[in-house]
Amino acid sequence: MTLLRVIDLDGTEHEVEGRTGITLMENLRDLDYGVAAVCGGMCACATCHVYVDAEWVGRLAAPHSDETDLLGDLATRRANSRLSCQIKFTPELAGIKIEIAADE
Ligand code: FES
């Protein structure tokens, strides 16, 4: 188990034991304060939108064009926005800090 730090919509930070080898979304969707992930990770809904802490965002693989296009449709998009279903949670990401974005 590997640590994730998750800030919920109320601004409360939680430390969560995450599973590596699956996506961040899959780690987040079972939390009461996590993401809805309506499309199940097909990069089609954006209900897995998160903000990645500035310290971490540069360590992630760059988003594919499908992810960038979908994020571009969001009014809540920020420079550090990512779709958590497109990020594989690996041991190298232990301690990553993310904030859940509000659904649109
Ligand atoms: S779960 Fe739908 S885009 Fe990520």
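This is a predicted model: local features need pLDDT of at least 70, side-chain atom pairs count only at pLDDT 80 or more; totals for chains, interfaces and linings use all residues.
How do the strands fit together? The 5 strands form an open sheet with mixed pairing, in the order β2-β1-β5-β3-β4. Out at the edges sit β2 (13-18) and β4 (81-83), each of which pairs on one side only. From one strand to the next, the twist averages 40°.

| Strand pair | Direction | Bridges | Residues standing opposite |
|---|---|---|---|
| β1 and β2 | antiparallel | 6 bridges | L4 and V16 |
| β3 and β5 | antiparallel | 3 bridges | V50 and I100 |

The β1 and β2 pair is also a hairpin, with 5 residues between the two strands. In that turn, look for G11, which has a positive phi of about 90°. As background, side chains in a regular strand alternate between the two faces of the sheet.

Now for the inside. The largest nonpolar core holds 20 residues, and the members that touch the most others are L24, M25, V35, C48 and I98. Which elements supply at least two residues of this core each? They are β1 (2-7), α1 (24-28), β3 (49-52) and β5 (97-100). The largest share, 3 residues, comes from α1.

Leaving out residues up to four places away in sequence, V35 touches M25, L28, R29, T47, C48, S84 and I100. Two of these, M25 and C48, are listed with V35 among the core members that touch the most others.

Stepping back, what share of the protein chain is buried? Buried residues make up 28% of the 104 residues. As for contacts between residues at least 6 apart in sequence, 63% join residues at least 24 apart.

Finally, the overall dimensions. Along its principal axes, the C-alpha trace of the protein chain spans about 35 × 30 × 25 Å. A compact globule of 104 residues would have a radius of gyration near 13 Å, and the protein chain has 12 Å, so the value agrees with a compact globule.

Technical notes:
Residues are numbered from 1 along each chain as its sequence is written. A nonpolar core is a set of buried Ala, Val, Leu, Ile, Met, Phe, Trp, Tyr and Cys residues joined through C-beta atoms within 7 Å. A residue is buried if 20 or more other C-beta atoms lie within 10 Å of its own, exposed if 12 or fewer, and partly exposed in between; C-beta atoms are placed from the backbone. Helices (H or I, at least four residues) and strands (E, at least two) are DSSP runs, numbered from the N terminus. Two residues are in contact if their C-beta atoms, placed from the backbone, lie within 7 Å. The radius of gyration is taken over C-alpha atoms; the globule rule is 2.2 Å times the number of residues to the power 0.38. Two strands pair if DSSP finds at least two bridges between them. Axes are lines fitted to C-alpha atoms, for helices over the stretch in contact, and angles run from 0 to 180 degrees between N-to-C directions.
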